[in-house]
Amino acid sequence: MIKATLTGQRLVALFLLGWVLVNYPILSVFDVDRVWLGIPAIYLYVFGVWAAVIALMAWIIER
Amino acid sequence: MLTGTTIGFASFLYLLLLFAVAYFGDKRADAGRSIIANPTIYALSLAVFCTTWTYYGSVGRAASSGLGFVPIFLGPTLVVALWWFVMLKMVRIGKANRITSIADFIASRYGKSHLLGGLVTVIAVLGVIPYIALQLKAVSSSFTILTFYPAIVMPAKVDSVPWLADTTLYIALIMAAFTILFGTRHLDATERHEGLVAAVAFESVVKLVIFMAVGLYVTFGIFDGFGDLFSRAAQHADLQGLMHMGAGGNGYGNWFALTLLSMLAVMFLPRQFQVAVVENVNENHLRRAIWLFPLYLLLINIFVLPIALGGQMLFAGQSVDADTFVLTLPMAHGHGWLALLVFIGGLSAASGMVIVETIALSTMVCNDLVMPLLLRYRWLALQGQEDLSGVLLGIRRGAIVLILLLGYLYFRLAGEAHALVSIGLISFAAVAQFAPAMLGGMYWRGGTRSGALAGLSGGFAVWLYTLLLPSFAKSGWLPGDFLQNGLWGFELLRPQELFGLQGLDPMANGLFWSLLANIGGYICVSLMRRPNAAEAGQATLFVDVFKQGGPSGGALWRGSAQVGDLLPLIGRIIGPERARSVFADYARSRGVASVDVLPADAGLVHFAEATLAGAIGSASARVMVASVVKEEPLGLDEVMNILDEASQVRAYSKRLEEKSLELEAATRELRGANDRLKELDRLKDDFMSSVTHELRTPLTSIRAFSEMLLEDPKIDLEDRKRFLGIIVSETERLTRLVNQVLDMAKIESGHAEWHNGEINLVEIIEQAVASTSQLFKDKGVALEMNLPASVPTLLADRDRLVQVMLNLLSNAVKFVERGKGRVAVTLAQTAEGMRVDVRDNGPGLTPEEQLIVFEKFRQGGNTMTDKPQGTGLGLPISRQIVEHYGGRLWVESAPGEGATFSFLMPCGKSAETPDEAG
């Protein structure tokens, strides 16, 4: 039960982190004319954060 | 090549496959071997969130606003992280109270109110029917486009097809048939539909695989990978804007609003509630769904931007609707079969949504709209003994057909109008109105029925005015001047800039004002009075659902009832056979042999009501049960007393638990302390026996020689002298031993006297060496000294440190071989302090010996065979002395390689040692 609450708290923290990472103002930092790995920076950033959040959720829950 | 018949036939085959999957799922469920009882299927069924609006519409949005489609999926991804708490609680409440829809959830929470349930149903139906129409439109237009293959023609006017020749109508009817067949098989107390969920999960796989196949084809077949596609898009001036925020009105404020909106939608859309809460088999499935569902959303969106940009480049200058790129890109490259698959994928996205949404809405319409009306007019009560389950199922089936036909009608009437295109988000905003009453009801006891009513109706009214009516006006169904000039010419009432709020786009504006009205109304009106008895009781059931030993629903009922009244009542709704079997199960769980001897108490009434609630909703169940039992209404005070009592019992048992935990901890500590005491006692005994043993050895020899001198006067002088010499030396040893024992005891107890002063370790070493030089000489041992010229002084007891050095030196001499021994003394300054090493080339010590030499009365060498050469207290005392000054004394050695005894005196620290001598 204590472990489950800890997992829940980690997920809440992840929610807050994700919310901050893909909103103004941090999002505006990546709104630039630059291409990373052939992909426009903002596309790569948004999808990268998205994937990272999912990976972290999986890690928090399944470890 | 692809005629309407071919496509129709393919769709029909696909839907047939769907029937087969659902049939299989139901059969397996009946056999007790559920195929949906696993977390992956649960996560896939949640993906009913992705409708044709995702399948075709995301690309359309991306083509005009770049990343503008992302927040609709980012919101769910983020909010799912909170499901660990929120959705788990919702599922638990749903199971405990037999909740079957959002309307039922809200009605039940606020005192089983018919009015609230009805209001929620109306909002849900009005908000969602256009959304269903959107699905039908997507199916219809993709069908039309596909029939023109290989030419790419946009469907100009849908209503050019006569109604009865419209394939979409038949597809809608097949969907209705499917929903009726698998959604209303029987009136179940749990309202779960395993076959339907299996079919929805299957559809989720179909649409994902096909969409990704198209994405891969566009990215790697038409273009040469992501890099090629994006770099070519970057050369188009009009596409460059899509690679930034702000494209197509996609500003940060809008982005934030859409993220929030989709967070609420993914929890409160009727179909999401249906699959996530009502159809949940096991709440543990939530765990994996929390990351699998967002993963699905990510996968289905990876190729949206490539398809959108690719379509924009390839169809530049042609009038091809971006919403159709998924379909038209394969068509333009001559891949008719891929386009047909895309159509099937779109059909699966549409049918999954339509099926689950209609089943959820039909449950609401039946339980929260039609049933209350029937009850109000006493129609049910008058029908006597009739089995009503058929009537209820009929109402649901009628509702399903009606909802689908309404959706179809809306689609035919709205056509290409704005009211349909923008409806996805408007539907989201409608269901977002449920959030305050739902979330508030789960976490706040103070919410009341009037508060929820005020919040919902306020939010709904603002939604209607700021979002729905403007979309009607833009379609030309309403005069549009109130958009520009405000209602009755008041500019402050302009719906899309309500109260002069500018700078937000219409969606964000509407969401802000409607949620403000909603939350404000909910809180303010709730705070105007205390919750009444019914509200307080339900609030406890909802808010405290996780607390063990909380009051059950039965605790809040008083009156008298007859099994003979309740059983037929339940039988009328769910059928006499099923009623008898659930009552028999209940009797067994109460430990009663048969239904007839069941005590007709509050528990039974609660059970009957819950069973009914599963079939007809909590509010109607309350009314029906109340009609056959005699109830004494409980006042608020009584309810509060019962709840207080329950919470006191809970608090008491919690305190008891804490106390017993404390006791356990105390017992553990006591046991540990006792063990330590026993150990100390044993050590003391050991010490005493060692001391007495050590004392007896010299005493014995003193006594023996004294007796010889006493009894035999004839001993010659030479022997007398020798004997007396032995007696003297043994007495000295005895004195030394006694002194050391006293010394040890003093140091250990902290009563030793320490005469601290400035000392120089070089001087100490030299003094000790001088004192032992005779020993070295006698045994022929070479002594080597490595002392630095100058060292910092320490504050310590000079005599004690000399004692330590003497001890180490005499030990070294003792164990080296006569004539060949070498002893080296080294003094060095290290970071930790002054370090003294005394190294010898004696026999060395095994690791075990290294440990025991520091124990009292333990000596190096074999004590069994060798004559003891010391008291066995030297090293323990030396260690105590060094440790008193915060230093360390240790040995490093290996057998045969000599031993190095070292000690370390910290610099500066010794000054802090209190001078106990004063």
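## Close-up views of a predicted two-chain model

**View 1. A salt bridge links the two chains.** B:Arg288 pairs with A:Glu62 in a salt bridge, and their closest N and O atoms are 3.5 Å apart. The model shown here is predicted. Between chain A and chain B the count is one salt bridge. Polar contacts also join the chains: seven residue pairs, with both residues at pLDDT 80 or more.

**View 2**

**View 3. The area buried between chain A and chain B.** The size of an interface is often given as the accessible area lost when the parts come together. Here, chain A and chain B bury about 3200 Å² between them. Carbon and sulfur atoms give 79% of that area. Three residues stand out on chain A: A:Trp19, A:Tyr43 and A:Trp50. They supply 23% of the area that chain A buries against chain B, more than any other three residues.

**View 4. Two helices of chain B cross.** Helix 10 (residues 194–222) and helix 18 (residues 336–376) of chain B have axes that come within 9 Å. The axes cross at roughly 145°, and the crossing is left-handed. On helix 10 of chain B, the residues in contact include B:Leu196, B:Val200, B:Val206, B:Ile210 and B:Tyr217. Helix 18 of chain B meets them with residues including B:Leu338, B:Leu341, B:Gly345, B:Ser348 and B:Ile359. By class, this helix contact has 14 nonpolar, four polar and two charged residues.

View 5. The side chains of B:Glu609 and B:Lys112 form a salt bridge, at 2.5 Å from N to O. B:Glu609 sits in helix 30 (residues 602–616) of chain B, while B:Lys112 sits in the loop between helix 7 (102–109) and helix 8 (114–147) of chain B, so the pair ties together parts that are 497 residues apart in sequence. Over all chains, the structure holds 20 salt bridges.

Methods:
Residues are numbered from 1 along each chain as its sequence is written. Chains are lettered from A and ligands numbered from 1 in the order in which they are written. This is a predicted model: local features need pLDDT of at least 70, side-chain atom pairs count only at pLDDT 80 or more; totals for chains, interfaces and linings use all residues. Side-chain values use heavy atoms; hydrogens and water are left out. Buried area is the accessible area (1.4 Å probe) that two parts lose on being put together, summed over both. A salt bridge is a side-chain nitrogen of Lys or Arg within 4 Å of a carboxyl oxygen of Asp or Glu. A polar contact is a pair of N or O atoms within 3.5 Å; within protein, one must be able to donate a hydrogen and the other to accept it, and residues adjacent in sequence count only if both atoms are side-chain atoms. Axes are lines fitted to C-alpha atoms, for helices over the stretch in contact, and angles run from 0 to 180 degrees between N-to-C directions. Helices (H or I, at least four residues) and strands (E, at least two) are DSSP runs, numbered from the N terminus. A crossing is left-handed if the near helix is turned anticlockwise from the far one by less than a right angle, and right-handed if clockwise. Contact means heavy atoms within 4.5 Å. Ala, Val, Leu, Ile, Met, Phe, Trp, Tyr, Cys and Pro count as nonpolar, Asp, Glu, Lys and Arg as charged, and the others, Gly among them, as polar.
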